[in-house]
Protein chains: 2
Amino acid sequence: MDLAPSNRRRFLKHPAAIAGLAAAGVDPSSAKTPDLDAPSDGERNLHEYGARSHYETAIRTGALGGPLLGFRTPLQNSVGIITPGSLHYIVSHGYDPPDIDPRHHTLMIHGMVDRPLVFSVEELQRLPSVSRVYFLECHGNTAPSPLRPSVTVQDTHGLTSCSEWTGVPLSLLLNQVGVKKGATWLIAEGADVQKHSKSIPIGKATDDVLVVYAQNGEALRPEQGYPLRLFVPGWEGINNVKWLRRIKLADEPYMSMMESTKYAVIHTDGTSRWFLFEFGAKSVITRPSGGQQLPTRGFYEITGLAWSGAGAVRRVEVSTDGGKTWADAKLQEPIARKAHTRFLFPWNWNGEEAILQSRCTDEKGQVQPTVETIAKFLKIDLDYIRKSSTMVADFNAIQPWRVDRSGKIQNALL
Amino acid sequence: MDLAPSNRRRFLKHPAAIAGLAAAGVDPSSAKTPDLDAPSDGERNLHEYGARSHYETAIRTGALGGPLLGFRTPLQNSVGIITPGSLHYIVSHGYDPPDIDPRHHTLMIHGMVDRPLVFSVEELQRLPSVSRVYFLECHGNTAPSPLRPSVTVQDTHGLTSCSEWTGVPLSLLLNQVGVKKGATWLIAEGADVQKHSKSIPIGKATDDVLVVYAQNGEALRPEQGYPLRLFVPGWEGINNVKWLRRIKLADEPYMSMMESTKYAVIHTDGTSRWFLFEFGAKSVITRPSGGQQLPTRGFYEITGLAWSGAGAVRRVEVSTDGGKTWADAKLQEPIARKAHTRFLFPWNWNGEEAILQSRCTDEKGQVQPTVETIAKFLKIDLDYIRKSSTMVADFNAIQPWRVDRSGKIQNALL
């Protein structure tokens, strides 16, 4: 299907198309003489597909050694709720994104179905589509790096980002293949070298899961699964299988390597928990935040992000005195479900030490916990979290930032 | 103010930060040995700030000769409502964007005020902020290129785009300087070589105008006014002064070159109209659209964009039979005021000729007109529009696309 007449590098003289004054028409087909006013090749390329100012230097940071690679979004520079595609966090498992030609990529849906089907990317793009703003987050976000005073919000919370995603509801595709009675799980598989696979319960799959092909108005970026990924709103990043090529309906989970080992959570008593899915209520102040410096006493807008896998953010409270008193922050509207919500709070810094923190309440009434509450719930003591580098999955503790008298800001968690 | 600890090219070994299993802590400061699993320099750069797949080739097109330059958004590839910054339309007036160091850029507000003030970019970023999704459009969008059958929706409507913009309410800044009684206009001036200036009535300025510094979660792009632009929601693009450096309060408009000549509208009786501001109700089908080809009979989702300078889109109707019958399209929610709204409409193509068009109704009850209605209102005849290349400013006629029996799609307006 040829529905994209792009790359038609046409730079025709056409002086009347914008001018507000009457002008003689020019037949574009006759306009092939060089135009001295036209941009040079370099300028032309930037006009074709732009770049940011060379004064802007915020980057994803935090490549991790070993088999896992995580590149974190510079949340200290974030504004609004959209993360630009170029700065969306990346977690991969030790390999580069596959280089996939979308004309040859397909999605097969099979297993416990009446009619196994194979869809091309173009066929999927012709189907009824949905666009939604959703956050995405790695279940390892926020731990264990909060344990050092020097960390920034990029270090602590940079494995979450938020975009407008566009794709086809998975329920529509499942209707087309006809899911057999007894199919309770689906196993999604990517086209990466490791064939990353993830089991997802059928109830979620038929609720709000999408097969997405676009992010923020253009095709998915390669590191986000170009040309297709599964999108599982509000659930741990690991479920959102990139470079999606296969969905198999089954009557049990697949117990793939990632879900049974790396993304299981080992408890201190030796047991482990395999299937964690939905994120709780979470928030963090992004500015002012760790590593930043307040240059002077006076007015600052405290701002940050709140989100919940359960749905909409209902309330964000901010404390500037280490949790003694709290006041409601303003939430930037419209508030989308399972999306970052920007909160804003006016603050006058009087030059004294201050501890800044935020607390999110979501539509289910879930309140973001303190680290003490989490430790109690998990039956581990704070010292264990403090001294080890063990990750607490889905860690959503309230994050305190300490402003000292010089205006220097440091992590104050543990 | 040092609130952006970016460019801290730290790529430390830190194996435990993502892994789901317990691991011994690694002191980042001791981890300077080369990591064979780490990405190469080239990969690292793409991981720091990403790029799209090399298979994606949609570009802004339509550089115009002479003193005006317009680069149009490839709307035929658009999905959702966000336009990526790299593909946001550009209209400039014959020069490249100035290369502005934000540390040395300031905004002065003066004229009929109690306390003239100069703000640095950092000072503005410390003030209470607002993030909103808004469309932007050139008043010359959609004319006169619709007159040829071969045009694409990028040619006809590509001078509109939509982003999440973040900035400071101008009303807040005007409160700080204290507007004197009798001040009825402000004149905004850019730092470009032409010092583009635009007069705006004080009523709009204190309503929803913003001084913006960010677009889609990152700094404004250079061609969008980096580091500051005025944003005047729902009003013609010319008002949204880029590279904003000065706002002067006055008791009359400035009658700047752009507003009194190029952006005035000459009527056929020799009179002209100087101050046009707010766009009316408008929509266009972006897919399937001109220049595209339907490969086969069967199901297609007709999709497009609707918007209005007056506020929210309330309704979009679609006709597939040249306007004989109309049916309501589904609007993608949430619907933001003065923003693009995505509409979706299921269609089965039976292989016969079809004429596809959309009609927008906004919150004020304004209905998108036909070209015949516009000609009648402006007291010009269709032949005049058809034969001349004269632009009709703020042209918002219903746009018909003809699908012939071979599946080829062409412009059917005039």
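Colleague: Which backbone nitrogen lies 3.3 Å from a polar atom of the side chain of B:Asp192?
Modeller: That's the backbone nitrogen of B:His196. Keep in mind that this is a predicted model.
Colleague: And where is the place of B:Asp192 in chain B?
Modeller: B:Asp192 sits in the loop between strand 7 (185–190) and strand 8 (197–201) of chain B.
Colleague: Buried or exposed, that B:Asp192?
Modeller: B:Asp192 is buried, yet it has no salt bridge. The nearest side chain of opposite charge is B:Arg245, 7.2 Å away. Leaving out residues up to four places away in sequence, B:Asp192 touches B:Tyr95, B:Pro98, B:Lys242 and B:Trp243.
Colleague: Switching to helix 7 of chain B, which residues are buried there?
Modeller: In that helix, residues 371–378, the buried ones are B:Val371, B:Ile374 and B:Ala375. They span an arc of only 100° around the axis, so they end up on the same side of helix 7 of chain B.
Colleague: What's exposed on the other side of helix 7 of chain B?
Modeller: B:Lys376 and B:Phe377 are exposed there. After helix 7 of chain B comes B:Lys379, with a positive phi near 55°.
Colleague: Last topic: what is the strand order in the open sheet of 4 strands in chain B?
Modeller: The order is 15-16-20-19, with antiparallel pairing. Strand 15 (281–287) and strand 19 (330–331) of chain B are at the edges with a single partner strand each, so one side of each has no neighbour in the sheet.
Colleague: How many bridges join strand 19 to strand 20 of chain B?
Modeller: 2 bridges, and the two strands run antiparallel. B:Leu331 stands opposite B:Phe343 in strand 20 of chain B.

How values were computed
Residues are numbered from 1 along each chain as its sequence is written. Chains are lettered from A and ligands numbered from 1 in the order in which they are written. This is a predicted model: local features need pLDDT of at least 70, side-chain atom pairs count only at pLDDT 80 or more; totals for chains, interfaces and linings use all residues. Side-chain values use heavy atoms; hydrogens and water are left out. Buried means under 20% relative accessible area, exposed over 50%, partly exposed in between (1.4 Å probe, protein chains only). The arc is that of the directions from the helix axis to the C-beta atoms. Lys and Arg count as positive and Asp and Glu as negative; His and the chain ends are not counted. A salt bridge is a side-chain nitrogen of Lys or Arg within 4 Å of a carboxyl oxygen of Asp or Glu. A polar contact is a pair of N or O atoms within 3.5 Å; within protein, one must be able to donate a hydrogen and the other to accept it, and residues adjacent in sequence count only if both atoms are side-chain atoms. Contact means heavy atoms within 4.5 Å. Two strands pair if DSSP finds at least two bridges between them.
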